[in-house]
Protein chains: 2
Amino acid sequence: MDLEVLNGLLRPKSVAVVGASDTPGKIGYTVVRSLLESKYEGPIYPINPKGGTIQGLQAYTSVLEVPGEIDAAAVVVPAKLVPQVATECGQKGVKGLIVIASGFSEVGLHDLEDQVVTIAHEYGMRVLGPNIVGILSNSDKCNASFAPFLPLAGSAALVSQSGALLIAMDASTYIRRVGFDKMISIGNMSDVDFADLIEWLDQDASTECVSLYIEGIRDGRRFMETARKAGKPIVALKSGVSAHGAAAAASHTGSLAGAQKVYDAAFGQAGVVMASDLNNLFDRTLALSLQPPLTGDNLLILTNGGGVGVLATDSAERYGLPLRFAPKDVQVELKKHMPEFGSAKNPVDLTGMAGRDWYQDSTQYAYGHSWVDGLVVLYCETAMTDPQNIAEGIKAAVDASGVKGKPIVVSFVGGERSEAAMRWLVENGIPAYNEPDTAVNAMAALREYARNKAKASNGFTKLTDVDEAKARAIIAQVRAAGDRNVTEMESKMVFEAYGLPVVTSRQATTEDEAAEMANAMGYPIVMKILSPDILHKSDAGGVKVGLESEAEIREAFRTIMANAKAYNANADIHGVVVQKMAPWGTEVILGSVNDATFGPTLMFGLGGIFVEVLKDVTFRVAPVGVEETLSMLSDINGAPILKGVRGEAPRDTKALADVLSRYSQMICDLADEIQESDANPMIVYEEGAGACIVDARIILKPRKS
Amino acid sequence: MDLEVLNGLLRPKSVAVVGASDTPGKIGYTVVRSLLESKYEGPIYPINPKGGTIQGLQAYTSVLEVPGEIDAAAVVVPAKLVPQVATECGQKGVKGLIVIASGFSEVGLHDLEDQVVTIAHEYGMRVLGPNIVGILSNSDKCNASFAPFLPLAGSAALVSQSGALLIAMDASTYIRRVGFDKMISIGNMSDVDFADLIEWLDQDASTECVSLYIEGIRDGRRFMETARKAGKPIVALKSGVSAHGAAAAASHTGSLAGAQKVYDAAFGQAGVVMASDLNNLFDRTLALSLQPPLTGDNLLILTNGGGVGVLATDSAERYGLPLRFAPKDVQVELKKHMPEFGSAKNPVDLTGMAGRDWYQDSTQYAYGHSWVDGLVVLYCETAMTDPQNIAEGIKAAVDASGVKGKPIVVSFVGGERSEAAMRWLVENGIPAYNEPDTAVNAMAALREYARNKAKASNGFTKLTDVDEAKARAIIAQVRAAGDRNVTEMESKMVFEAYGLPVVTSRQATTEDEAAEMANAMGYPIVMKILSPDILHKSDAGGVKVGLESEAEIREAFRTIMANAKAYNANADIHGVVVQKMAPWGTEVILGSVNDATFGPTLMFGLGGIFVEVLKDVTFRVAPVGVEETLSMLSDINGAPILKGVRGEAPRDTKALADVLSRYSQMICDLADEIQESDANPMIVYEEGAGACIVDARIILKPRKS
């Protein structure tokens, strides 16, 4: 990251508005007005061929005419003029271009957009946009955009891929009382992308939480890497989760990998907290920008109403934070701050009689207690108590406790008085919400952040006992034979080159060869047709299982060959696979897709109906270390199967996790070749007995023409 | 329903406040003040032993002293005095008691509470409460409660089991802009319960939607029956969903039936729409109180911003209303109301340039088109457009269309101007929300309402080819033998009495008998130990399957007997079950619980891991007709299994649905006897080949001591 250049772009000390106008209604007018109204303290240089003055400012005919230095140029001229402007800006020594102008890749003019970036880079400039609203920063008193005003001040930063949404959210901050220091419109992301902004905002002193509205990411790997390194919480609303899945997939894994599942996996791995909708993005941003992560599972809830207490209990379970009872000493102490009919369990019910004192005393005690990892304080507005009083009691308790690094969130249900008290709380650093569910969800975001962050540090160690060259040689052979499919046998050989536990399998081209191999392997034997032109082997009558003798082998060979020819007379038949029949165990499926955004991505699921009917699978962007692959095993609904059900012994999850990590390395090493792959089924045995891949499939990337 | 009495209680023409006071801070003071401040137009009679005047009103020492008639008496005296007050009210001819006083069953004094109800009923009075806030009604200008003011006026009615929440929600209506005509606190529900209020509100001219906050229901059946009959939408927030599951269950079904699953089933069957949290209750209430149900699946979305359009698309999928493209003619027409780069697909993107005219024209066209079942209009606040203008355009379009009975909801994302425009829309009957997700969720509520209502009318026809007497005789025999378990054989006989397809099974007490039966049935045979003291037959070595000959039968008999004695020397052994081995098919499980709230409740799921690991089961309150049992078959995640996977033929779902309906009749007829039951497994065959119950289990209700 070139900090100086990005600072120039995003916290400019001087701004030129290229295409500035004195005509209200024009964007070139609005941007200048925005800068003036935001009381921007650096020089503003309107650029207009006519010169003169614009909105009382000295205008220049070109940036080259400007006497002082220019950090950032907001460009609002027609698209076709932008390359010329970029060149002049480069010559002038401008650091960054805020290309508000539209009419680039979003209308198909990719070359024009590329041209602007090329010019900019020649001069060491960075480009934000094009097709954006601009940038807004409270701490810099800088509204270099056509949004009408700066957002409510706060410590979050929004990066939005939708300009319309940014403008609407900007206005909305004053209603929702969620403060932002910065709002950055990212538009077509021709140059500066989410990763750049995450990196830059992470070092920005005015930002405590990075909030993203994402429609699509260009370079998923870079995004993940930057997010992983970030020291500040990142919360993302990813839209378009339902739009995907249109591409026809050739493998099982391919058909199961929707954009949402891969995005969820990638964001989790990168330590990014997800938001489910716009309200949730605001609500979670508020908590993440004001409170520390929740690093343990002991959530305590204080309330003055049983009803909201029960609702919060339901929510806690819903969001993965089921309540536990506090230890006896905590209960005994809390019992002192409530009437006889109150409850010191969890939720702690101070009863409707609770006023400021009870709230303050119990909050101070609970917040200060080491058992409590996080505190949710609920309040139902009553006629007898003053919400502002309660709010002040809560704040005083937090201050008096001397505790740092422990999250607290609040929910007041009530009318205008409660709203005012909650505004006061938020201004004093305590997130407050108008219903318990939202408060608990915000606390869950603080927990997810802590969990994801821990996960993001899980290391992958590259294995050295793999033979990448051999794997590549096998693939090269397939490529050399024209654009044909990789056969089962070839796929297995690639897997074997990576030390994956493939069941003993050999290729036989004649009946005699098959018999000889079977005799050498021992019975029972499975035999399968081997042809790049027959992918659905069972449908073609090309599979025989449980063969017990040489006679059966010979008969099966003949039958399979006859069936295959009948199924597809033109098929290029390589012979059969003769394979030792794997003993019975638990069927699982491993697989991979080469995701357009995130690259090689690993899938795991249980086999059979679990994958076919229930689609009970989980993804991780590869490569992944064993700690992470172990977590995949418990992600799926069918996880208890691996632990052993109906009295069965637990499966060899350690071996399974190792295989998954190894597989993830294979698909990364060979990412330029493998588009999709499956090990389906793989059979997993009892603890210590390992696992065994029975069938294998690799689908190569299409050749570049 | 005694309409006159309930009218007297809930829309009183005159109110006595028994325990009225002139001392601020006392509830007896607050209730009188509430009535005065709500500008209640009927006479208010403060009752206080001291007489005199209270807050300027003539007070009386007893209701018996009051000169005029009294419809309702709000009772705020200490609990122990309430029976006396009730008696006097009865003598006076009061219609209903609003027992605000607490200190009854909620502190264990059940008898005192019962006594009040008994007295009331003697005099034909109804009792609301005790332990309540009171009643509030805008249309009656009546705040007979200690809540400080009437809610924002509107057409919904809230019934709340939590007083604190009612007061908080009351205040909250002014912030959330969701209007209520009535708020009724239901407290301990000693007499008037949810069902009474649903029935009464359904005929109340000022109520369009009934909104419930429920912690628990007493009589689930009556609740369902009343809700089913209601002509107005009912939306319920049920809290305490995570609290259940404590009771130890003896059957499979028992262990799977959590309160939430049964409540969800019951509410769905009764046509009640569920709310997930407090915000959702308000949001859904708003839509249901202002808009008609959504009777089809064709939702069209209009927007001025791609971002909110994509978010709404995601939400539509999330809430079970996936978007479809509108027909060509609709697209062609809509295309006229947008610039070239707009989109007439779904969402229809009018682009950020859309002002009032485009919104109005496209809304009017879309709302009027027969393909469109419901319309969601989204708007992102822009600097160039005026939200109020857009709002007026939408409203004008709806009015001009002349269309009735088609729902429309709106979402404006923006600041104060958008908020004001949305308030205006709501005041003009169009629900408006500050983010697209909430708007789409509200539309989903209108769809759920239509679907649930259709479902609620599904009839159950009582079968006559059942032998209830025989079933009862078998159970009586078990009862007569002491408090022992019902054996498999006895359970099967009960099932058979109800015409359920039990596999041919007979009881053999000797080896010879077993051999003879097996020879008569034909092989293969399954043999199982039969003892009320051995419930886990496999664990006891008491099951032998696949017996193919008389010799095997004889050996199995001896082994089973020996194993059983070794397992439990004191077991009362009835012999063995000799059973024809059912051919292979798809395993399912049927079962029942006698739910504490809803009574006999039917469960269905796929067998094996589906039930054991995935808990993939569905419930219905019994009895249920075939249309509804068919819907159970598609409720489960494993539903595709029944349709046939991996090339298998579809299962006989018709037979399965018939069996489920028949089973539901059995558990209703014998509800006084059967606590839980399982048919596990039942094997279902191909279409036309029916189903067959292989194992059966009935757990009787504990005897009343």
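This is a predicted model: local features need pLDDT of at least 70, side-chain atom pairs count only at pLDDT 80 or more; totals for chains, interfaces and linings use all residues.
1. Interface, extent. The contact between the chains involves 59 residues of chain A and 58 residues of chain B. Seven helices of chain A each supply at least two residues of the side that touches chain B: helix 5 (163-176), helix 10 (278-290), helix 11 (306-318), helix 15 (416-427), helix 16 (436-456), helix 21 (609-612) and helix 23 (639-643). Helix 11 of chain A gives the most, with 9 residues. By type, the residues on this side of chain A are 27 nonpolar, 21 polar and 11 charged.

2. Pro640(A). This proline lies in helix 23 of chain A, one of the helices that supply residues to the side touching chain B.

3. Chain A overall. Chain A has 705 residues, of which 57% count as buried. There are 24 helices and 29 strands in the chain. Taken along the principal axes, its C-alpha atoms fill a box of roughly 95 × 80 × 40 Å. Among contacts in chain A with a separation of 6 or more, 72% are between residues 24 or more positions apart.

4. Nonpolar core. The largest nonpolar core has 436 residues, and those with the most contacts inside it are Val75(A) and Val75(B). Leaving out neighbours within four places in sequence, Val75(B) is in contact with Val18(B), Gly19(B), Val82(B) and Val85(B), and also with Leu97(B), Ile98(B), Val99(B), Ile100(B) and Ala101(B). As a general background, nonpolar side chains tend to be buried together in soluble globular proteins.

5. Parallel sheet in chain A. Five strands form an open sheet in the order 16-15-17-18-19, with parallel pairing. Strand 16 (348-349) and strand 19 (432-433) stand at the edges with a single partner strand each, so one side of each has no neighbour in the sheet. Strand 19 of chain A pairs with strand 18 (residues 408-413) in the parallel sense over 2 bridges. Within that chain, Val410(A) has Ala432(A) in strand 19 as its bridge partner.

6. Helix 24 of chain A. At 1.5 Å a residue, the 17 residues of this helix (653-669) should span 24 Å, and the end C-alpha atoms are 24 Å apart, which agrees. Helix 24 of chain A is mostly covered, with 13 of its 17 residues buried.

7. Strand 29 of chain B. In this strand (residues 696-700), 4 of the 5 residues are buried, and it is mostly covered. Strand 29 of chain B pairs with strand 27 (residues 674-684) of chain B in the antiparallel sense over 5 bridges. Ala696(B) in strand 29 stands opposite Ala679(B).

Technical notes:
Residues are numbered from 1 along each chain as its sequence is written. Chains are lettered from A and ligands numbered from 1 in the order in which they are written. A nonpolar core is a set of buried Ala, Val, Leu, Ile, Met, Phe, Trp, Tyr and Cys residues joined through C-beta atoms within 7 Å. A residue is buried if 20 or more other C-beta atoms lie within 10 Å of its own, exposed if 12 or fewer, and partly exposed in between; C-beta atoms are placed from the backbone. Two residues are in contact if their C-beta atoms, placed from the backbone, lie within 7 Å. Two strands pair if DSSP finds at least two bridges between them. Ala, Val, Leu, Ile, Met, Phe, Trp, Tyr, Cys and Pro count as nonpolar, Asp, Glu, Lys and Arg as charged, and the others, Gly among them, as polar. The expected span of a helix is 1.5 Å times one less than its number of residues.
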